Amino acid sequence: MKKITRNSNHELLRLIAMYMIVFIHANMYLGSFCSGNIGMFFNGFVNGICNIGVSCFVLISGYYGIKFNIRKLVKMECMMISFSLLETMLLYVVMPEQLQGAALLEQLVKSFLPFITRKYWFYSCYVCLFLLSGYIQKLIDCLGQKAFKKLLILLLVLFSVLPTFFYFEIIPDNGKGLVQMIMVYMVGCYIRLYQDIMLPKKTILIFLLLWVINGISHEFPIQIGGIYHHLCKDNSITNLIMAVILFYMFKSLTFKSTLINKAATCVFAVFALNNALVNCVMKMVEESEFQTPGGVVGFLILAGVVFLIFVLCLMVGGIREVLLGRADEGIGNFLEKRIR
């Protein structure tokens with residue numbers, strides 16, 4: 001596999017993807033900031049695009065490739081254990097009524113075992129992808145372009161196109177699982193190997209059109225009996241196409257930023273902490289009887305709150321790296337030597 005040197009273009013996209021993930025979690029509180037028709041508009045606006053965050057992140061991983069090593073695996077697990085314990089402590093302090101007895105014990109067990117308990121679905125699937133990445137690459141190398149393309153088309157039809165247009169899913173997880181992650185990762189690999197090109201600028205019109213379609217679909221879903229169907233799911237083909245177009249848009253940029261590259265190394269803190277911080281911050285907002293100005297200003301306030309939560313998560317990740325980064329490396333080196 002050819003080695004690719006990272007600029008800051010896709011590191012910036014990783015940060016934007018993380019911001020979108022935080023926003024989609026905070027958007028459930030949109031009604032506290034703006035309501036009515038303008039609230040419906042912004043609800044579709046956010047849901048129409050922010051669900052592509054995970055796909056963008058995995059596409060980048062596929063494009064650059066994941067190389068398994070024990071030290072990195074240990075570092076990720078140590079990070080997630082510490083972030084998870086911090087999250088549990090935060091929730092216990094701010095929302096003690098939700099963490100009592102068995103609920104607290106369950107959270108502590110999951111905090112010490114975040115991977116196998118699937119406390120964070122993305123992290124558990126990402127670790128599986130990390131473990132399987134070498135075998136996936138060997139499969140890709142054996143297939144060749146034509147067979148690889150046919151395999152990708154088959155995967156996309158089965159696990160993205162059909163669920164998008166027919167509601168029913170072979171794997172009922174709305175794309176929040178390992179199959180979707182491996183598929184998107186392989187799309188990133190295919191781009192690197194066979195479609196490492198620049199898309200024409202007019203494709204941004206397709207991106208905007210799909211964004212509008214997604215937003216309308218979210219606000220006016222299909223409802224028949226027990227069926228509730230819209231396009232704003234991780235495995236929707238509209239979302240995947242948007243993620244690919246956005247990936248290519250950032251690929252055309254060429255710049256380097258030490259700050260962006262450094263911040264991008266702390267994104268796992270965002271995955272682990274954003275839900276807890278969103279819940280705690282929004283609880284404080286509700287208890288303060290905050291009077292929202294509504295409309296566009298109210299939405300911008302929510303976007304600002306999301307940005308502050310996002311930055312706080314990155315700062316916690318950076319502080320943890322300073323305090324415990326060497327300890328992670330020491331444990332990783334020790335285990336790597338013993339396993340070898």
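This is a predicted model: local features need pLDDT of at least 70, side-chain atom pairs count only at pLDDT 80 or more; totals for chains, interfaces and linings use all residues.
1. An α-helix has 3.6 residues a turn, so residues three or four places apart point the same way.

2. The length of α8 can be checked. This helix covers residues 203-219, and at 1.5 Å a residue its 17 residues should span 24 Å; the end C-alpha atoms are 25 Å apart, which agrees.

3. The second largest pocket has a volume of about 690 Å³. Its lining is made up of 32 residues, and His25, Trp121, Lys176, Asn274 and Asn275 are those nearest the centre.

4. Several helices contribute to that lining: α1 (9-26), α2, α3 (53-64), α4 (70-94), α5 (102-112), α6 (121-166) and α11 (267-287) each supply at least two residues. The largest share, 6 residues, comes from α11. By type, the lining residues are 14 nonpolar, 12 polar and 6 charged.

5. As a whole, the protein has 12 helices and 2 strands, in the order α-α-α-α-α-α-α-α-β-β-α-α-α-α along the sequence. The radius of gyration is 21 Å, close to the 20 Å that the globule rule gives for 340 residues, so the protein is as compact as a globular protein of that length. The C-alpha trace spans about 60 × 50 × 45 Å along its principal axes.

6. Buried residues account for 49% of the 340. Of the contacts between residues at least 6 apart in sequence, 84% join residues at least 24 apart.

Terms used
Residues are numbered from 1 along each chain as its sequence is written. Side-chain values use heavy atoms; hydrogens and water are left out. Helices (H or I, at least four residues) and strands (E, at least two) are DSSP runs, numbered from the N terminus. The expected span of a helix is 1.5 Å times one less than its number of residues. On a 1 Å grid over the protein atoms alone, a cavity is a set of points where a 1.4 Å probe fits but cannot get out, and a pocket is an open set with protein on both sides within 12 Å along at least five of seven lines; lining residues have an atom within 4 Å of a point. Grid points are joined across faces, edges and corners, and a volume is the space filled by probe spheres set on the points. Ala, Val, Leu, Ile, Met, Phe, Trp, Tyr, Cys and Pro count as nonpolar, Asp, Glu, Lys and Arg as charged, and the others, Gly among them, as polar. The radius of gyration is taken over C-alpha atoms; the globule rule is 2.2 Å times the number of residues to the power 0.38. Buried means under 20% relative accessible area, exposed over 50%, partly exposed in between (1.4 Å probe, protein chains only). Contact means heavy atoms within 4.5 Å.
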